[in-house]
Amino acid sequence: MAFVLVSAGVFGLLIGSFLNVVAYRVPAGLSIVSPGSACPGCGNAITARDNVPLLSWILLRARCRHCDMRIPVRYPLVEAGTGVAFVVAALPFAGLQVSSDPTIALASVIELIAFLYLAAISVVLAVIDLDTRRLPDRIVLPGYAVGAALLGATAILRGDLAPLAVAGVGAAAAAGFFGLLHLLGGMGLGDVKLAGVVGLFLGFLGVAQLTVGIAAGFAIGALVGVALIVLQRRSRKSTIPFGPWILAGAWVGVLAGKPLADAYLRLVGLA
Ligand SMILES: [Zn+2]
């Protein structure tokens, strides 16, 4: 099903273009819909032909058409990154046999949309956290409602509410685990709220994905934190953005949670 992956990639490029706007405006407290994009150098509106993901940046040779101001490479990178993230999110769906039952087929489409949404907020929150060391509530908190609505619809259409219950437990467990780390110090409250959203999506997939995803996020973050302290001699008091690693761990859980959990259980002789 190359069609699913190519469509997801192209859709991701377009969403990535929007995420550039979100990553710039949300931390600044600006509206994400108006006014339209303009060059920060000369104020000229950016027209549709100069707003094509990746291509415009290449054709314009990274400069504004009007004032020659440099367009930072991060713009095409976020677009390309979102394209890749959408392809990755669509991977588990690419091999699925399209069900002849329209209800079941619709459930898969809604579940795919849920994980494309998770991919989009993963990219934009990682960028914002690295930029500003913050995970804005305006992006994190709607994740609970959007996740509950889309995953809830998926579960209802499939006539199986069990994954929804695990999703709820996952959100509470992940937020609880990171909440404990917050109380012990060093973990921001934004990380706790994000962990809950991640736990919701991972729990819906299963206990293996939930456990591996949360553990991977914590492990990657801890490794990066220790590496930063050693390499840059950062003090242990300085804050390290943890959001990107929670999100990276989540995707390890989504894509490889089941095989990794099975391998671990075999290793310790439990399976
Ligand atoms: Zn300009």
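Helix H8 covers residues 189–205, 17 residues in total. From first C-alpha to last it reaches 25 Å, close to the 24 Å expected at 1.5 Å a residue. This is a predicted model. H8 is mostly covered, with 14 of its 17 residues buried.

Helix H9 has 26 residues, which should span 38 Å at 1.5 Å a residue. The end C-alpha atoms of H9 are 37 Å apart, in agreement with that value. Buried residues in H9 are Ala208, Gln209, Leu210, Val212, Gly213, Ile214, Ala216, Gly217, Gly221, Gly225 and Leu228. They pack against helix H7 (162–184), H8 and H10.

## The H9–H10 pair

Two packed helices are described by the angle between their axes and the distance between the axes. H9 (residues 207–232) and H10 (residues 243–267) pack at about 135 degrees, with axes 6 Å apart. An angle over 145 degrees would count as roughly antiparallel. H9 and H10 are therefore oblique to each other. Their crossing is right-handed.

On the H9 side, the contact is made by Ala208, Gln209, Val212, Gly213, Ala216, Gly217, Ile220, Gly221 and Val224. H10 contributes residues including Trp245, Ile246, Gly249, Gly253, Gly257, Lys258 and Ala261. The contact residues divide into 13 nonpolar, 7 polar and 1 charged.

## The H4–H6 pair

Helix H4 (residues 102–132) packs with helix H6 (residues 142–158) at an angle of about 160 degrees. Their axes are 8 Å apart. That angle makes H4 roughly antiparallel to H6. The crossing of H4 and H6 is left-handed.

Among the H4 residues in this contact are Thr103, Ile104, Leu106, Ile110, Glu111, Phe115 and Tyr117. From H6 come Pro142, Gly143, Val146, Leu150, Leu151, Ala153, Thr154, Leu157 and Arg158. The contact of H4 with H6 divides into 14 nonpolar, 4 polar and 2 charged residues.

## Helix H1

Helix H1 runs over residues 2–25 and has 24 residues. Its first and last C-alpha atoms are 35 Å apart, close to the 34 Å expected at 1.5 Å a residue. The buried residues of H1 include Val4, Ala8, Gly9, Gly12, Gly16, Leu19, Asn20 and Arg25. The buried residues pack against helix H3 (74–94), H4 and helix H5 (137–140).

## Backbone exceptions in the loops

Most residues other than glycine have a negative phi, and most peptide bonds are trans. The bond from serine 34 to proline 35 is cis, with omega near -5 degrees. Proline 35 sits in the loop between H1 and H2. Leucine 54 is found in the loop between H1 and H2. Leucine 54 is not a glycine, yet its phi is positive, about 60 degrees. Its relative accessible area is 27%, so leucine 54 is partly exposed.

Arginine 61 lies in the loop between H2 and H3. Its phi is positive at about 50 degrees, although it is not a glycine. Arginine 61 has a relative accessible area of 68%, so it is exposed.

## Arginine 70

Arginine 70 is in the loop between helix H2 (55–59) and H3. Leaving aside neighbours within four places in sequence, arginine 70 is in contact with Ala62 and Arg63. The C-alpha atoms of arginine 70 and glycine 196 are separated by 39 Å. Along the chain, these two residues are 126 residues apart.

Terms used:
Residues are numbered from 1 along each chain as its sequence is written. This is a predicted model: local features need pLDDT of at least 70, side-chain atom pairs count only at pLDDT 80 or more; totals for chains, interfaces and linings use all residues. Side-chain values use heavy atoms; hydrogens and water are left out. Axes are lines fitted to C-alpha atoms, for helices over the stretch in contact, and angles run from 0 to 180 degrees between N-to-C directions. Helices (H or I, at least four residues) and strands (E, at least two) are DSSP runs, numbered from the N terminus. Angles under 35 degrees count as roughly parallel, over 145 as roughly antiparallel, 65 to 115 as roughly perpendicular and the rest as oblique. A crossing is left-handed if the near helix is turned anticlockwise from the far one by less than a right angle, and right-handed if clockwise. Contact means heavy atoms within 4.5 Å. Ala, Val, Leu, Ile, Met, Phe, Trp, Tyr, Cys and Pro count as nonpolar, Asp, Glu, Lys and Arg as charged, and the others, Gly among them, as polar. The expected span of a helix is 1.5 Å times one less than its number of residues. Buried means under 20% relative accessible area, exposed over 50%, partly exposed in between (1.4 Å probe, protein chains only).
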